[in-house]
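Open the model in your viewer and keep the selection tool at hand. We will go from stop to stop, picking residues as we go.

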There are 4 protein chains.
Amino acid sequence: MKTKLNTIGLIGKYGQEQLGQDMRRLAEFLLARNLRVIAENDTARLINLPEVKGEKIESIGEKIDLAIVIGGDGTMLYVARNLADFEVPLVGINQGRLGFLTDIAPGMMLEEVGKILDGDFASEIRFMLHAEVMRAGKIVHTAVAFNDVVINKGELARLIEFEVYLDGEFVNNIRADGMIVATPTGSTAYALSAGGPILHPTLAAMAVVPVCPHTLSDRPIVVSSDSVIETIILELGDQRSYLTLDGQASVSLQDHDHVYVRKLTHPLELIHPSGRSHFDVLRAKLHWGEKL
Amino acid sequence: MKTKLNTIGLIGKYGQEQLGQDMRRLAEFLLARNLRVIAENDTARLINLPEVKGEKIESIGEKIDLAIVIGGDGTMLYVARNLADFEVPLVGINQGRLGFLTDIAPGMMLEEVGKILDGDFASEIRFMLHAEVMRAGKIVHTAVAFNDVVINKGELARLIEFEVYLDGEFVNNIRADGMIVATPTGSTAYALSAGGPILHPTLAAMAVVPVCPHTLSDRPIVVSSDSVIETIILELGDQRSYLTLDGQASVSLQDHDHVYVRKLTHPLELIHPSGRSHFDVLRAKLHWGEKL
Amino acid sequence: MKTKLNTIGLIGKYGQEQLGQDMRRLAEFLLARNLRVIAENDTARLINLPEVKGEKIESIGEKIDLAIVIGGDGTMLYVARNLADFEVPLVGINQGRLGFLTDIAPGMMLEEVGKILDGDFASEIRFMLHAEVMRAGKIVHTAVAFNDVVINKGELARLIEFEVYLDGEFVNNIRADGMIVATPTGSTAYALSAGGPILHPTLAAMAVVPVCPHTLSDRPIVVSSDSVIETIILELGDQRSYLTLDGQASVSLQDHDHVYVRKLTHPLELIHPSGRSHFDVLRAKLHWGEKL
Amino acid sequence: MKTKLNTIGLIGKYGQEQLGQDMRRLAEFLLARNLRVIAENDTARLINLPEVKGEKIESIGEKIDLAIVIGGDGTMLYVARNLADFEVPLVGINQGRLGFLTDIAPGMMLEEVGKILDGDFASEIRFMLHAEVMRAGKIVHTAVAFNDVVINKGELARLIEFEVYLDGEFVNNIRADGMIVATPTGSTAYALSAGGPILHPTLAAMAVVPVCPHTLSDRPIVVSSDSVIETIILELGDQRSYLTLDGQASVSLQDHDHVYVRKLTHPLELIHPSGRSHFDVLRAKLHWGEKL
């Protein structure tokens, strides 16, 4: 994060009118500190202050030094993907239920944001993913993800079949509901439900997790985040397959498509209140054993 | 199985022209034993013998004493669902790859079918499932399944949410990719990939297996086959959910739908060559350890 | 449970001096209802009332009509094994932490026990296990268990190898840390930690669960409680193997030992407060989703 | 590996007399290439050539430039631990069953070793683990491991309890059969059986895998190989706990012992025939799907 912040971006969870008051209080708090405030269009409408201009989510990244997000982890994922090109640090405020990414409680919002602006914070670098679909030799789709890139079946067919390559080396042929490539950030999300391991947030690794594989020994593999994972879709027939980003956006895949997943060049900076431990959040959310 | 068989039904895997010759050899073999032979329409066309009449899959069951199926386990599931009302025993001949249900190798077809007709066989009773979708107090769909009834998400949304009741008693609220109710027959299919246990083929029990549940302690539950499992679909919003039968047929579900799954009244009789063990098939297909 | 109770047995968790007061209050409560009270020797010492005679745990079963146990699930298992021959119903009072078997809270003790004595209760029949070790053709050990019979490795060796047979039919050869045969009661204990399914408490089935098997497709199998599971220990060499009952008692096994596990002839009756659901306990202990 | 090799060490699986002939052929092959050959004492006795001196396993490392091991993966682990201080590269020849570490088939032994000596090989750097037991402020035991350091229960008690810290930060309190800290090399061994992920062989990470944890959400965690994992043993009571290295050596632990596991300073160099893929071995051993 820059030492001198000029402009703060505010982004609230979509369609949550009741967040308006919190967002406005936060905007006023920032303005009172002589900061410029820009909000995503919907959020700006809720804030409804003449000093706070609205901006499209796709372009807000180029105008701000820090983004403050109010919502759940889903909102953070959405913002991270849209700001991926701009290297803007993110702060997450939850709406009442602790998130892995939104670790500031709403009641502590002004206090914690104040501390962060005063330079009392912890910074953490996380990587994101870049996915590319190649069809008949041409790139037909590219996308980014913060949690995971998922190749999954459509609603009916039980299994899709695909081949997996790591840095060009053949790994195996898998028949499954699908396959997840997760960042450390995403390792506590869908990949965990599918039987994947928890990756330490700063580990330079991705988890490749098959979803309900037909072969019971098809197990999660953890590989370097410098690797490229290539998946070739096989024999879809009348089945359908999709590429899904963070469980939020998806694109249809076709037979013989090659999907390449690799680390996105730009990393993402998460700003946390200082003294916060990732394991505190894990223990709380997963009901893990506390110190006696 | 009746002691005196008069009419045999023949059903081949759909669209497999190369099965024609095998089917014809089998039909001639049966006719030579003075049995009547009826075939499913497509199969009859491939057999192409004047003595073998074609019949629709939906109605063939009322005219035959035994059904011989050539194909994979998928074909057996399809036939079992269509013959569910008629209490016709099934024999399964695989196309080269051993199946759980199709345990006669193609090369042994005439020999093994001959033995069965001579009374040298093992009979096994399996139960099937009946599913009912109730919407706003009315039954809008009913279906049968041999392997499993699956409630699953559509292609995009990562999670659906539903409540589960057992014989009217609340079990829990689950957020997951879906949930499988599997018969013992289905316990070695999709349910196994989703982490379910193997149920002994003749056990009077069903496995209720969540698919990629968000709560890691949502584990497979095994309940009596006399129980009724009720699932209430919650808060789909713009997500979609489907009821899928044996991974082959599906119907769309809506918010607040109640899905009831119970044992189908009519059981299904499988005819195996005598001396065959279910565990032989499991060991072969799952690469289990053999006797030293 | 008999309609006319004469003598109640009291058994407290071993070595818990602080339970003395609760046990004494309970004894006085029972005596005031003109019931005879007998306590296990240690418990009798803590109760310290002239009307309450002590008795050995092994023989208390033949003198009482109902056993009230104060402790945790571990105490219930210990009592169940010792009373297995006597068909004495059991009531479990926990010490503050809800158990699967001890579902009466200490603060509700007198009220709930009073209701049970008044005939307001739910009765549930569970089965126990009988294990037999045969060595060189002779039975060298027999034992009972309520949760599970476990065949496990000693402290050093990583793997033991054994063959499994179901009703005389070969199942497979397993190399693993061990294998659990669990009752429905035990399915929420060690077997669950090892990846086994939850069996409905009244299901007539046992779960056979390999512990950390070397072959990843060695999965839990659920079989009828009328089956006999035979395990043959192979090639221990200098390794060691043990038969463990409910995780509390164990006996050393040798190479070529045959271990037979089957349902114990006498069932066990558990007495619960009426209106209690097994799933309430499961949801509370496993942090499952509640009704919205 | 050095470009100019002078002395080769030979080490065979302990107690395998039938390896003598192979070892001797190999020794003669090496001597014919004007290399010095030293063998581990038992192996030297089997080779029985005056030119091949015997040496203790603990000290052979300081005298050789390359160690050739004939046996299984277990023999490689044993040799790796004993040569850990000497940075001697290892070549593994299996005894007929492909291993993850012993990937040269016995029939190809001379041909493949010849190629390696001619400079045609692939070199791979793997890290090992260092474990330290601190009791009452003093280091009472240190050890090295190549696959895994395991903290496990004794033969009877079902659960041990311990606290886990990562680089001084509290992770959680676990009640389980034990916990495995595995290298990438060990990730395909015991850790895989316990539900851990497969780590790519060259990934700078360790997997921390609970064994049969009581809390179902206690899942494998993958952390940087630069981290220190500290485990504090709690409340053993009359239970027992052990620290086990590669499943081969063990030391008894006591209540309140602190166990520190970290990467061993010296890495290990494995020499493979060129053109060999780690995934080839995985596919073969785990029955994974091959390219169609």
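**Stop 1: a residue in chain D.** Select D:C212. Is it buried or exposed? D:C212 counts as buried, because its relative accessibility is 6% and the cut-off for buried is under 20%. Trace the backbone on both sides. D:C212 lies in the loop between β14 (205-211) and β15 (221-224) of chain D. Now look at its backbone angle. Phi of D:C212 is near 50 degrees, a positive value in a residue that is not glycine.

Remember as you look around that this is a predicted model. Chain A has a mean pLDDT of 95, and 100% of its residues reach 70 or more. For the model, ipTM is 0.96 and pTM is 0.96.

**Stop 2: a residue in chain A.** Go to A:E87. Phi is near 50 degrees here, again positive in a residue other than glycine. Where does A:E87 sit? Its place is the loop between α3 (73-82) and β5 (90-94) of chain A. A:E87 has a relative accessible area of 48%. It is therefore partly exposed, as exposed would need over 50%.

**Stop 3: salt bridges.** Side chains of opposite charge can pair when their charged atoms come close. How many salt bridges does a search of the whole structure find? The count over all chains is 56. We will visit some of them.

Select A:R276 and A:E112 together. Their side chains form a salt bridge, at 3.7 Å from N to O. This pair links distant parts of the chain, 164 residues apart. A:R276 is in the loop between β20 (268-273) and α6 (278-286) of chain A. A:E112 belongs to helix α4 (residues 109-117) of chain A. Colour the two by accessibility. A:R276 is partly exposed, with a relative accessible area of 33%. A:E112 is buried, at 9%.

Move to chain B. Pick B:R262 and B:E132. They make a salt bridge, and their closest N and O atoms are 3.8 Å apart. Here two strands of chain B are linked: B:R262 is in β19 (residues 258-263) and B:E132 is in β7 (residues 129-135). The two residues are 130 apart in the chain. B:R262 counts as partly exposed, at 28% relative accessibility. B:E132 counts as buried, at 14%.

Next, chain C. Show the side chains of C:R126 and C:E124. What separates their closest N and O atoms? The gap in this salt bridge is 2.9 Å. Both C:R126 and C:E124 are buried.

Return to chain A for a group of residues. Select A:D280, A:R283 and A:E290. Salt bridges with shared partners join them into one network.

**Stop 4: two copies.** Hide the side chains and show chains A and D.

Finish at the interface. Of the interface residues of chain A, 100% are also interface residues in chain D. The copies therefore meet through the same surface.

Note on methods
Residues are numbered from 1 along each chain as its sequence is written. Chains are lettered from A and ligands numbered from 1 in the order in which they are written. This is a predicted model: local features need pLDDT of at least 70, side-chain atom pairs count only at pLDDT 80 or more; totals for chains, interfaces and linings use all residues. Side-chain values use heavy atoms; hydrogens and water are left out. Helices (H or I, at least four residues) and strands (E, at least two) are DSSP runs, numbered from the N terminus. Buried means under 20% relative accessible area, exposed over 50%, partly exposed in between (1.4 Å probe, protein chains only). A salt bridge is a side-chain nitrogen of Lys or Arg within 4 Å of a carboxyl oxygen of Asp or Glu. pLDDT is the predictor's confidence in each residue, from 0 to 100. Contact means heavy atoms within 4.5 Å.
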